[in-house]
Amino acid sequence: MTEFVMLPGFGGAGDFDFVAPMLAREHTVSLVEATAPPATDTDTILVGYSLGAVLAAVQAAAHPVRGLVLICGWTQSTPRLVDWSIHAGDEAFARHTMVGPASDRTPLVRPELLALVGSLPVPELGAIACPTLVIGATYDLVATAHQSRLLYGGIAGSRYVELATGHAALAERPAEVLSLLTAFAAQPSVDPVAQR
Amino acid sequence: MIAPPPVPHTDIAIVGAGFAGIGLAVRLQRSGRTDFTVFERASSVGGTWRDNTYPGVACDIPAHLYSLSFATNPEWSHVFAAGHEIRDYLERVTDEVRGCVRLNTPVLDMTWDEHRGLWMLTTPRGSHTARVLVLACGRLADPYIPVIDGLAGFTGEMFHSARWDHDVDLVGKRVAVVGSGASAVQLVPRVAELAEQVTVFQRSAPYVVPRADREYTDAERGLFAKDPQEIDRLRSQLFWAAEEGFAERAGDPTRTEAARERALTHLAASVADPRLRELLTPDYEVGCKRILISNDYYPAFERYGVNLVPSPIAAVDGGAAVGANGITHEVDVIVFATGFLAAEQPYAAHVRGRDETLAEHWAGGMRAYASTSVAGFPQMFVLDGPNAGLGHNSAVHMIESQIEFVMTALAAGRVLEVSPAAEKTWTERLDAAAEGTVWTAGGCESWYVDPRNGRLTLLWPGFAHAFRTALADATVLFSPAAGPDEAARVGDRAD
């Protein structure tokens, strides 16, 4: 039984509304809103999505954890991303830019969380020592897959896998994310691509 | 004195030419093996999709997902394929291995010869020996017809939905349909278009959700043909979307509630008559039985001449079917949409391992290591066997997981056998996982559960991707590094 701590993105706790209860069938799961610092220890698998991935990386750099999973995160808020966050209060704009071309899903966006983008801390990637799984998304127009690949490049013990989704990976492919988290918890150092 | 002709030998004998048998044969051939034989009792391949030709027969899993990953098909006409389209597809897949398929060849007896380390197969066309036996006999292959008082004396025509009698013209007839499961939901609307009167005998009402079907455009099919990766992308999307359906059945009350609401809203939108709606409302938890998809089942009951009897047929009296309430219904034809022998597979009685038949081994319910290997039955694999069924995703994906298990085991090239301890540990783990789930505690009677003991023996109580991972992990038993006691050791470790 693994202890998961999950940091959601712009949708708040609702981002994990599939993954969290399914993980909780066999593990302990706690959800931490982006506004509070997570309580972690060396047994924790820390999972961050979107802006939660940035905060998770910051946390893991300062406080060692057992494993780290960064979903559609970024190394630092780019001007493009800040610009997006200013416009994403428009629901239709957010929806169309967050999902991939094949999806009919509607991601959650809480406007007050968008405002955090411009003031996020920058994680010190070189200080992250635990096994890390970086999950990027091919059609991510918001954070971009390139940013996920930079996280992969900057974290020494990291693996990279890419989903065929937009930024809203958890709305589009929650079961696929679940399968990656389950496999990571079982063997944090196994390459998820090789395993497939 | 003339010596008897030698008994023909095949390295791998596969019994059954449906998705599982043909799929394995193609994988074997492509891996460079040529010494295998597929035995098929019928006169053509296709399994379920050969047997079921009733009006309206179709698959309720999207076609691109309900096909083999290594033999995809750009030509699927609709999101959901009709039965004949799937059968044609399997015929085309079979072309690759047709020379190895023996049609009209039922295997009457399969016995392990301990002395020679071979399986002996008896067919009406002679005997065969095989090093490895693969049972790919299906799980919904032998029709089940309930015992009904007076049925033998019925004066009209009767047949099972999977043995449809196309010589019987239903136009203007009074037809009784017994059952309201997956087959009935598809055939009732079609029969209602032909018959003068249709009486559906419903033991318990199913949950029915909308069927989001549509035709693929020429452009889409053209793209699938030109760029096979487009099919892979679609398959991946369909697979992971289907996986979400498992949450409705296990552990997430919000999603269970949403699934129930989706079905009941569909019912309310389709049926105006409150009394009829009440009869069509299930009395068990959603997911306990297969959730069905249809846009025309509910509306069929609003047609003149279509009646719903909320009970099984209690008796048949000459030309009349009698409901549990004693009301008689004069009918010309009885269609049994009553499902299949699932919990007790008929083939099991014809397989004899070291000490017992497979039916004897499974007297307490089907069991196997990794759903595929059975203790006391060396060099034998069961496809579509214990706990390999699924309610929320593609059965073909499950079959492929087992095919890969078999391929890995065969590649190990050693005597393949599991210990009773490994089988027991695996079974106990599954029994524990099934406890308290909607299938065992959902308040319904379904074919997923063995009625002899209440064990969930037909269904895998988890995600489809978890089945694949579990089986991949389970092949460690057959790895060259594993010692003779490995089976027990792996079994102990599995929990």
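Mentor: Pro282(B) sits in the loop of chain B that runs between helix H9 (274-279) and strand E11 (292-293); helices (H or I, at least four residues) and strands (E, at least two) are DSSP runs, numbered from the N terminus. The model is a predicted one, in which local features need pLDDT of at least 70 and side-chain atom pairs count only at pLDDT 80 or more, while totals for chains, interfaces and linings use all residues. Residues are numbered from 1 along each chain as its sequence is written, chains are lettered from A and ligands numbered from 1 in the order in which they are written, and side-chain values use heavy atoms, with hydrogens and water left out.

Is Pro282(B) buried or exposed? Its relative accessibility is 11%, so Pro282(B) counts as buried; the term buried means under 20% relative accessible area, exposed means over 50%, and partly exposed lies in between (1.4 Å probe, protein chains only). Which residues does Pro282(B) touch, apart from those up to four places away in sequence? They are Ala205(B), Pro206(B), Tyr207(B) and Leu264(B), where contact means heavy atoms within 4.5 Å. Leu264(B) is 18 residues from Pro282(B) along the chain, and 9.1 Å separates their C-alpha atoms.

Next, consider the domains. The assignment for chain B, with bounds from an automatic or database domain assignment, gives domain 1 as 9-142 + 341-493 and domain 2 as 151-206 + 250-336. Domain 1 of chain B contributes 24 residues to the contact between the two, and domain 2 of chain B contributes 19 residues. Between the C-alpha centres of these domains the distance is 31 Å.

With a relative accessibility of 16%, His329(B) is counted as buried. Beyond its neighbours within four places in sequence, His329(B) is in contact with Thr199(B), Phe201(B), Val309(B), Gly319(B), Ala320(B), Ala321(B) and Gly323(B). One of these, Val309(B), is 20 residues from His329(B) along the chain, with 9.9 Å between the two C-alpha atoms.

Gly339(B) lies in another loop, the one between strand E16 (333-336) and strand E17 (351-352) of chain B. Here the relative accessibility is 22%, and Gly339(B) therefore counts as partly exposed. Once neighbours within four places in sequence are set aside, Gly339(B) has contacts with Pro143(B), Tyr144(B) and His160(B).

Most residues other than glycine have a negative phi. Ser371(B) is not a glycine, yet its phi is positive, at about 60°. Gln379(B), also not a glycine, has a positive phi of about 55°. Where do they lie? Ser371(B) is in the loop between helix H11 (358-361) and strand E18 (380-382) of chain B, and Gln379(B) is likewise found in the loop between H11 and E18. Ser371(B), at 1% relative accessibility, counts as buried, and Gln379(B) is buried with a relative accessible area of 6%.

Finally, let us view chain B as a whole. Chain B contains 16 helices and 18 strands. Its radius of gyration, taken over C-alpha atoms, is 23 Å, which agrees with the value near 23 Å for a compact globule of 495 residues; the globule rule is 2.2 Å times the number of residues to the power 0.38. Of the 495 residues in chain B, 56% are buried. Among the contacts in chain B between residues at least 6 apart in sequence, 71% join residues at least 24 apart.

Chain A may be set beside this. Chain A has nine helices and six strands. The radius of gyration of chain A is 15 Å, close to the 16 Å from the globule rule for 196 residues, so chain A is as compact as a globular protein of that length. Its C-alpha trace spans about 40 × 30 × 30 Å along the principal axes, and 54% of its 196 residues are buried.
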